[in-house]
Amino acid sequence: MSRRFLFVLGSSRPDGNTELLARRAAEQLPGDVEQHWIRLAEHPLPDFTDQRHDSDHARPSSDTTPGLLLDATLAATDIVIASPLYWYSVSGQTKRYLDHWSGWLRTPGLGFRETLAGRTLWGIAALADDEPSVADPYVGTLNNSAAYMRMRFGGVLLGNGSAPGDVLKDTDALTRAKTFFAQDASLARFPYETAAR
């Protein structure tokens, strides 16, 4: 299967630092790799309603935002969550997208988890802090989501930036961006599974 990257842009503003860093990393992908970019602010999802125990789930139609995002997610071999670090985790728009995974997991006949198993989840984030450990909750959210889905996890590319364009001054992040998608992505594991090894 040829690789298809889905870039899920979770910033509230276009062309923010996270998107700039994501585009720098994407420039390094081979020309035959398909790229699909979706800005969540332009395709807002409704609040997720947990219906696990009280109703059946229907597949959203392709002409709705949930249907568009579902189809793009299922078609991707690599899903890149490009969300700035907001209060030490992903943005609200990005969290809502991940929340919808819960509904898609329970949609009859969809095989959402089975389809995503073995595929790769990546993260890219700009943060307004010089200490990368403040992004540990963000990394944990993506790693644990990938582990639950039995996906591979390529890690998170972090860059420093607050004002527009700041990340382009972070030469270390730009250097890491050049090889970020070239690294091997291991099967994701929960921290307790890693500790037990």
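How many of the 10 residues of helix α1 (residues 17–26) are buried? The views below are taken from a predicted model.

**View 1. Helix α1 and its surroundings.** In α1, 7 of the 10 residues are buried, so the helix is largely enclosed by the rest of the structure. The buried residues are Asn17, Thr18, Glu19, Leu21, Ala22, Ala25 and Ala26. They pack against the strands β1 (4–9), β2 (34–39), β3, β4 and β5, and against helix α6 (171–179).

View 2. The side chains of arginine 23 and glutamate 19 form a salt bridge, 2.9 Å from N to O. Both residues belong to helix α1 and are 4 residues apart, about one turn of the helix. Residues three or four places apart in an α-helix point the same way, because there are 3.6 residues a turn. Glutamate 19 is buried, with 5% relative accessibility, whereas arginine 23, at 34%, is partly exposed. Salt bridges link Glu19, Arg23, Arg39 and Glu42 in a network.

**View 3. The salt bridge between aspartate 78 and arginine 3.** The side chains of these two residues meet at 2.8 Å, N to O. Aspartate 78 is in strand β3 and arginine 3 is in the segment before β1, so the pair ties together parts 75 residues apart in sequence. Aspartate 78 is buried at 2% relative accessibility; arginine 3 has a relative accessible area of 34% and is partly exposed.

**View 4. The salt bridge between arginine 4 and glutamate 34.** The closest N and O atoms of this pair are 3.7 Å apart. Arginine 4 lies in β1 and glutamate 34 in β2, so the contact ties together parts that are 30 residues apart in sequence. Both partners are partly exposed, arginine 4 with a relative accessible area of 27% and glutamate 34 at 44% relative accessibility.

**View 5. Strand β5 and its neighbours.** Of the 9 residues of β5 (residues 152–160), 7 are buried, so the strand is largely enclosed by the rest of the structure. Strand β4 (residues 120–127) runs parallel to β5 and is joined to it by 7 bridges, with threonine 120 opposite arginine 152. Together with helix α5 (residues 136–148), β4 and β5 make a right-handed β-α-β unit. Strand β6 (residues 186–187) is antiparallel to β5, with 2 bridges between them; here phenylalanine 153 stands opposite serine 186.

**View 6. A nonpolar surface patch.** Tyr86, Trp87 and Tyr88 form this patch, which has about 420 Å² of accessible area in total. Tyrosine 88 is in the loop between β3 (78–82) and α3 (92–105), and is partly exposed, with a relative accessible area of 44%.

Conventions. Residues are numbered from 1 along each chain as its sequence is written. This is a predicted model: local features need pLDDT of at least 70, side-chain atom pairs count only at pLDDT 80 or more; totals for chains, interfaces and linings use all residues. Side-chain values use heavy atoms; hydrogens and water are left out. Patches are made of residues with over 30% relative accessible area and no salt bridge: like charges are joined within 9 Å, nonpolar side chains (Val, Leu, Ile, Met, Phe, Trp, Tyr) within 5 Å. Accessible areas come from the Shrake-Rupley method with a 1.4 Å probe; for residues, only the protein chains shown count as cover. A salt bridge is a side-chain nitrogen of Lys or Arg within 4 Å of a carboxyl oxygen of Asp or Glu. Buried means under 20% relative accessible area, exposed over 50%, partly exposed in between (1.4 Å probe, protein chains only). Two strands pair if DSSP finds at least two bridges between them. A crossover is right-handed if, with the strands pointing away from the viewer, the path from the first strand over the helix to the second runs clockwise. Contact means heavy atoms within 4.5 Å.
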